[in-house]
Amino acid sequence: MSPRSEARPNTPCPGRPSEKQRNLQTTLKIMNQELSDFGISGGNPTLARPTREMVRRRTQELAAIAGRGPHQIKQVDYEQAKRELTGESDFDRQQAMLDDRSRS
């Protein structure tokens, strides 16, 4: 196979979502389904508190994206999953850490 015809798995194709985007879309679909199971629908999923199962699934997805198995989860995977599912931004997290330090 020539270098030109080799597939590049990490190169996104124009008009197609990346693996990370597809995983996030899947997670959001699961969240919306779980929210509707509790009678919450049509709302912003970031307003509802994600379940432990939702965070666990997303944490495993993030570990898989990083090339690790489902039992090789790192704290950074968990923290990112929780941020994504709660809608908290890195800025919010950093600001909270600075506020905590200034109170000490």
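Visitor: Among contacts between residues at least 6 apart in sequence, what share joins residues at least 24 apart in this chain?

Guide: A contact means heavy atoms within 4.5 Å. Of the contacts between residues at least 6 apart, 46% join residues at least 24 apart. This is a predicted model, in which local features need pLDDT of at least 70 and side-chain atom pairs count only at pLDDT 80 or more, while totals for chains, interfaces and linings use all residues. Residues are numbered from 1 along each chain as its sequence is written, and side-chain values use heavy atoms, with hydrogens and water left out.

Visitor: How many helices and strands does the chain have?

Guide: Both are DSSP runs numbered from the N terminus, with helices being H or I of at least four residues and strands being E of at least two. The chain has 4 helices and 0 strands, and its pattern along the sequence reads α-α-α-α.

Visitor: What share of the chain is buried?

Guide: Buried means under 20% relative accessible area, exposed means over 50%, and partly exposed lies in between (1.4 Å probe, protein chains only). Of the 104 residues in the chain, 19% are buried.

Visitor: Is T59 buried or exposed, and which residues does T59 touch?

Guide: T59 sits in helix α2, which runs over residues 52-65. Its relative accessible area is 3%, so T59 counts as buried. Leaving out residues up to four places away in sequence, T59 touches I73, D77, Y78 and A81.

Visitor: How many salt bridges does the whole structure hold?

Guide: Side chains of opposite charge can pair when their charged atoms come close. The criterion here is a side-chain nitrogen of Lys or Arg within 4 Å of a carboxyl oxygen of Asp or Glu. By that test the whole structure has 5 salt bridges. In one of them, D77 pairs with R68 at an N to O distance of 2.2 Å. D77 has a relative accessible area of 6% and is therefore buried.

Visitor: Which residues pair with E53?

Guide: R56 is one partner, with the closest N and O atoms 2.4 Å apart. R57 is another, at 3.2 Å from N to O. E53 is partly exposed, at 31% relative accessibility. R56, at 37%, is partly exposed, and R57 falls in that class at 28%. Shared partners in these salt bridges join E53, R56 and R57 into one network.

Visitor: What span should helix α3 have, and what span is found between its end C-alpha atoms?

Guide: The expected span is 1.5 Å times one less than the number of residues. Helix α3 has 12 residues (75-86) and should span 16 Å; its end C-alpha atoms are 16 Å apart, so the two values agree. The buried residues of α3 are D77, A81, R83 and L85. Just after α3, G87 has a positive phi of about 85°.

Visitor: How many cavities of 30 Å³ or more are found?

Guide: Rolling a probe the size of a water molecule over the atoms shows where empty space is left. On a 1 Å grid over the protein atoms alone, a cavity is a set of points where a 1.4 Å probe fits but cannot get out; a pocket is an open set with protein on both sides within 12 Å along at least five of seven lines; lining residues have an atom within 4 Å of a point. Grid points are joined across faces, edges and corners, and a volume is the space filled by probe spheres set on the points. The search finds 1 cavity of 30 Å³ or more. The largest cavity holds about 40 Å³ and is lined by T27, I30, M54, R57, R58 and E61. Helix α2 gives the largest share of that lining, 4 residues.

Visitor: Which residues line the second largest pocket?

Guide: Its lining consists of R49, P50, T51, R52, V55, R56, Y78, K82 and T86. Two or more of these residues come from each of α2 and α3. The volume of this pocket is about 190 Å³.
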